[in-house]
Amino acid sequence: MSLTEEPSLQTRRSLLSRLRDFEDKESWQTFFDRYWRLLYNVARRAGLDDVDAQDVVQDTVMAVAREIPQFRYDPERGSFKQWLFRILRRRVADHFRKLYRQPAHAGISPEMLEETGEADAIATRDGVSLSDAWNQEWERSVLEAAIAQVRAEANPKHFQVFDYCVLKEWPVAKAASTLGMNAAQVYLARHRVSQAVKRAARRIEGERLKGRVV
Amino acid sequence: MNSGTPKDSSAGAAPPPRAADHEILKQIGAGSYGGVWLARSAAGQLRAVKVVSRSRFSSERPYEREFTGIRQFEPISRSHPGVVHILHVGRDDAAGYFYYVMELADPVDGQPGASLASYEPRTLASELKSRKRLPLVEVLALGVQLAGALGHIHRHRLVHRDVKPSNVIFVDGQAKLADIGLVTGADEAKSFVGTEGFIPPEGPGSAQADIFALGRLLYEAATGKDRCDFPDLPGDLDTWPTSERSGLLELNEILARACAPKPSQRHANAAELAGDLNVLLAGRSIRRAYGIELRSRRATQIIGIAVLTALLALGASWFQQTQRRRAEERAGQDAALRGRAEAAESRAREDLRASLLNQALALTSSSEADRRTRALAALKDAAKFRAGIDLRNAAIAALAAPELHVVREWSLPAADMLASRPDGRLERYMRWNSDHTVSIHSIDDDAELLRLPPAPTPADYGAFSPDGTWLAVKYHDNEVGLWSLSSRAERLVVRDVALFAFTRDSRRLIVGGSDGHLQLFDLSSGRRAARQPIGDFPGALAVHPTEPVFLTSGVGRRGIEIRRVDDGSVARRLEVPEMGLAAAWSADGKSLITAHSDFSIRVWDWPSMGAPRLVLRFHRAEPVFLATDPSGRWLVTVGWDSQAFVADLRDGRLLLNQPAQGVYAAADRPAFLLTNDADWRLVELQPSFALEEVPLHERDKGPREAVFSATGRWLATGAPDGIRILDRTTRDVLNVMDDVPALRIAFSADSTRLYAITPDQLRAWELRTETGTGRLRAERLQLPGLGDRHFRNSTSAEIFDGGERWLSVWREPRTGRPSWAQGRFGSNEIESRGEFDSGGNEPHVSPDGRWLAWGNWHGRDAAIVRLGSHDPPVVLPIAGSASVAFSPDSRLLAVGGSEEIRFHDVGTLRVVYSIPRDPSRPLPPRFAFMRGSSLCAVALPPDRVLIVDTKTGAELATLPAGSCILWGLSFDAGDRFLAAASSDHRVLIWDFEKLRHELRELGLDW
């Protein structure tokens, strides 16, 4: 999975315009900015097309906005990550049911579907279970947030080293000559920024599990 | 419009405003505070009128503040071409708005006034929308213009707060900063506005934030990317034309600085940013400008000019000579012509001499390699035309300049440079070759000595064991292979290695793993001897040169551990804030040197490890290489700023700097290998010649006096932090006293005693050398019968007559008058006494004991009186603060003032001669006379010592003393060494024998 393969700006704009009239703006705007990509990616990996995936994101965001006042972080009852996944999974399952109109599922409420564990049986396009796809996308989303944070805080030249050597996987010598640095500087800058990203990811993950929007 | 919340954010349908002398044509923009209208002035010019409505503000105050802001800004806006001019500010209270008339931006379609109906302002945003990105030259010109405009605003204590492409408009093709509605006083800018991606981490509202935003704006303009992508470089950069590509990478350096996350790391002000952009615009390299010390560049330029002048002069000389010969042949006896030719030739010779002298001076003040050698060569050539004090002084200055002498310079094949490293003696180096082999070459001549079999992955670098028998090579996949150089066999392979080092006995390899563990391997068996956790990615690894300990640190932590070589266990753990990535012990093992992320280098006394003894702040980026010479005195550091700094580890004084990206020290001589990409340079550090600088006291506690013992072996210094004695043979320093300031000090004639006058009493020590060790010992003596009362309130004193007699000066408690008494040690009798009418500063008794003279630091005179007589003192008027000294034969009295130095005949008090002095440096001078000849050294504070011939009054030479104020001066008994106590805690010792020998060689002795 490459970090550069991202849903387009177009998708974001379209999603925002769908949600524009949703009244309770304060409650979902920040949440939307942080999580829409994660939700959208998982929906797409589950096999939904662009329009259906946008539907799922829209429904999920609205559901979260409604339900988030009730969410309290409690280690016993599970993290925000699991809670959010449950909401998303329900929407995805709904869509599949609509999509295939399977008679076997007629009359079965999403909640029952969930209880029987059937939603977990939804395989993604790349053959992993939905919850594995969720975990992967969650991690990726945390990593992206960490990189975005470090991008703003790191020495710009160090970040360029990281971008070239880690994200773009350039050889050290090429990055060094492009940026006018020597190899030792490049190695150290790469290491520095990688460590900073790891630290930021740990922190962001911790916060997000507790349901804080970071 | 930074403050106050608008009630309604939509523009609404406001009626057209009325603006004096302007016809309102149509609304062209809407903002949260009102509208922008297109208008035509009475003179027919098109203008923009911005309207700010009171109704959009919740209360009166922010509205009024906005109005005041605009009124203040109006004149400022018109005094810089990079700011949109505000032409008029008006107000209509009845209608509830104020407005201001501005220059109108060019329309997007480029034809002003062509179509009013479709008018849209041409902004940088519209420009980037249609052109994606701008050519580099345009970006630079734009940057210079806008940085200039920001500088102008900032100088008036205003900030813009919303620098972004849509706020840069073009008026007659000129880029200008617009939307001055957000300009507000720098002190009042509190509320948080601005545009995402242009706001620095610390928030908007400061000059530093405007610089950040301008950097982001230039990033968008130059790369065509969104500012939020900063600092990503364009993905298709490889396909750009070479000039655009290299230009962007140069600009990248400036933008990385302008958009640094910490304000302190950005350009200090907009003018500095404009200056950097101008450097690029002028076609010069900013990478080089950031990297290379400007001083040495300037020197090179001066030398270039000097050599050119010299060549021109030589050409002129040859031409004139030919002319002369022809004139003689043709006209026979044309004396006038010959005279002219001769004059021209002598002028040419003088010009050549002057340019050689300038070349020498420039070299001496530069930091270039071989600066001293080259300066002296130029002076030797100049001396062939005409010797002179100017050349001699330049030669003395050059001799005092330490230099890096280049032993060999060579270039490595470019592909291999990054992986190459020298051995510990700088005799061989390892090189990674593109055929995946590692070869070992001689540093002398590059001859290949050895080649190891090829490896599957490229090598990163390698390290030789201290005894030179092992080579550890780190490969690209973080494996380290240990090779025995005698058998060319790989003994050991270690995986996931971050750092490694050999122990000093070359029997073990210490490996810091990226998994946060430390491993020790036994080289002879190849077995692992120990494994210990570090708990972090290893940051620094350094091995003590003699003790069985080494240092480790972790990248994410603030501390260091000192560990035992036998099992890697922690012996000590120390908190070290901002610990960086490098540490080293000095080669003598007495100092630990650490590099820090705040760019400093700290030097700690080992093993006490209290507070750092020195904190060196030379680098403009984090230091990563630390190396010392075998004596542990010279430190060479290299940082990410690609600069090498050479410092004296005794007091942290910076001696030299050169561009370099890496440095390695030789273990057996003061030699260093400086690497700069593929260019390698083996250099030897040559300290000052015929000049020694010894730091003996604490910083800012400069000694006031430096005196030699009769044998010349001991040099004692007295300072506010006490007395030290330097053994000039062993370099040992004896701390005689460190709790009380020493006013004056003196050795007894046989050097068995040291006397010191302190603010409350006279003290004496018995000096003995220990049998066996030869170390000096000082034992405090009780001095019976000295009469403490004479020293209890001493303000000054002197010990003379080989330590037999004393003079004490104090302020009489009853009368408040300065008084003096003079006596002999061992007797309670006072030989003479008196009072000073004026002055009384630094009194001196003539060596024959007959006269007492003193200076006056507050008046404009000095005075002399015959001891034991009842004659009144003779006052010798002189400009400025005066000081005095007698010659060894008691026949001359030197009096120094701010404008001249005079020598009086003691008998007649007639002025024998006078030497003028630069009155802008009026501190009183000090004197030291040679005993066996007629030379006198005159310390002229703050920075030089003048050598005068006391027979003729001729100035012979000037010894440079850096920028320290000089206090006491003295020659040793053999007249070979001159010691000067300097205010910056050092003692300077010149060796006249070596100095004059060298000057003779150059043809420049006196």
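Colleague: Which residues of helix 6 of chain A are buried?

Modeller: Helices are DSSP runs of H or I with at least four residues, strands are E runs of at least two, and both are numbered from the N terminus. A residue is buried if 20 or more other C-beta atoms lie within 10 Å of its own, exposed if 12 or fewer, and partly exposed in between, with C-beta atoms placed from the backbone. In helix 6 of chain A the buried ones are Leu130(A), Ala133(A), Trp134(A), Glu137(A), Trp138(A), Ser141(A), Val142(A), Ala145(A), Ala146(A), Ile147(A), Val150(A) and Arg151(A).

Colleague: What kind of model is this?

Modeller: Residues are numbered from 1 along each chain as its sequence is written, while chains are lettered from A and ligands numbered from 1 in the order in which they are written. Local features need pLDDT of at least 70, side-chain atom pairs count only at pLDDT 80 or more, and totals for chains, interfaces and linings use all residues; this is a predicted model.

Colleague: How far apart are the end C-alpha atoms of helix 6 of chain A?

Modeller: Helix 6 of chain A has 24 residues, and at 1.5 Å a residue it should span 34 Å. That expected span is 1.5 Å times one less than the number of residues. The end C-alpha atoms agree with it, at 34 Å.

Colleague: What does the secondary structure of chain A come to?

Modeller: Along the sequence the pattern reads α-α-α-α-α-α-α-α-α. In counts, chain A has nine helices and zero strands.

Colleague: And how many helices and strands are in chain B?

Modeller: Chain B has 1006 residues, and 46% of them are buried. For chain A, 39% of the 214 residues count as buried. The chain B elements are 12 helices and 65 strands.

Colleague: How do the residues of chain A that touch chain B divide by class?

Modeller: Two residues are in contact if their C-beta atoms, placed from the backbone, lie within 7 Å. By that rule 18 residues of chain A are in contact with 21 of chain B. Helix 6 (130-153), helix 7 (156-167), helix 8 (172-179) and helix 9 (183-209) of chain A each give two or more residues to that side. With Ala, Val, Leu, Ile, Met, Phe, Trp, Tyr, Cys and Pro as nonpolar, Asp, Glu, Lys and Arg as charged, and the others, Gly among them, as polar, the side of chain A divides into eight nonpolar, seven polar and three charged.

Colleague: Why is helix 7 of chain A called roughly perpendicular to helix 9 of chain A?

Modeller: Axes are lines fitted to C-alpha atoms, for helices over the stretch in contact, and angles run from 0 to 180 degrees between N-to-C directions. Angles under 35 degrees count as roughly parallel, over 145 as roughly antiparallel, 65 to 115 as roughly perpendicular and the rest as oblique. The axes of helix 7 and helix 9 of chain A are 8 Å apart, at an angle of about 90 degrees. That makes the pair roughly perpendicular.

Colleague: How do helix 3 and helix 4 of chain B cross, left-handed or right-handed?

Modeller: The axes of helix 3 (residues 136-155) and helix 4 (residues 207-223) of chain B come within 10 Å and cross at roughly 165 degrees. That makes helix 3 of chain B roughly antiparallel to helix 4 of chain B. A crossing is left-handed if the near helix is turned anticlockwise from the far one by less than a right angle, and right-handed if clockwise. For helix 3 and helix 4 of chain B the crossing is right-handed.

Colleague: Which crossing does helix 4 of chain B make with helix 5 of chain B?

Modeller: The axes of helix 4 and helix 5 (residues 242-258) of chain B come within 9 Å, at roughly 155 degrees. The two are therefore roughly antiparallel. The crossing is left-handed.

Colleague: How do the residues of that contact of helix 4 with helix 5 of chain B divide?

Modeller: Helix 4 of chain B gives residues including Phe212(B) and Tyr219(B), and helix 5 of chain B gives Leu248(B), Leu251(B), Leu255(B) and Ala258(B). The division is 10 nonpolar, one polar and no charged.

Colleague: What is omega for the cis bond from Trp606(B) to Pro607(B)?

Modeller: Most peptide bonds are trans. Pro607(B) lies in the loop between strand 29 (601-605) and strand 30 (614-616) of chain B. Its bond from Trp606(B) is cis, with omega near 5 degrees.

Colleague: Where does Pro942(B) lie?

Modeller: A cis peptide bond, omega about 10 degrees, joins Pro941(B) and Pro942(B). Pro942(B) is in the loop between strand 60 (935-940) and strand 61 (944-949) of chain B.

Colleague: Is Glu169(A) buried or exposed?

Modeller: Glu169(A) has a positive phi, near 55 degrees, and is not a glycine. It sits in the loop between helix 7 and helix 8 of chain A. With 8 other C-beta atoms within 10 Å, Glu169(A) is exposed.
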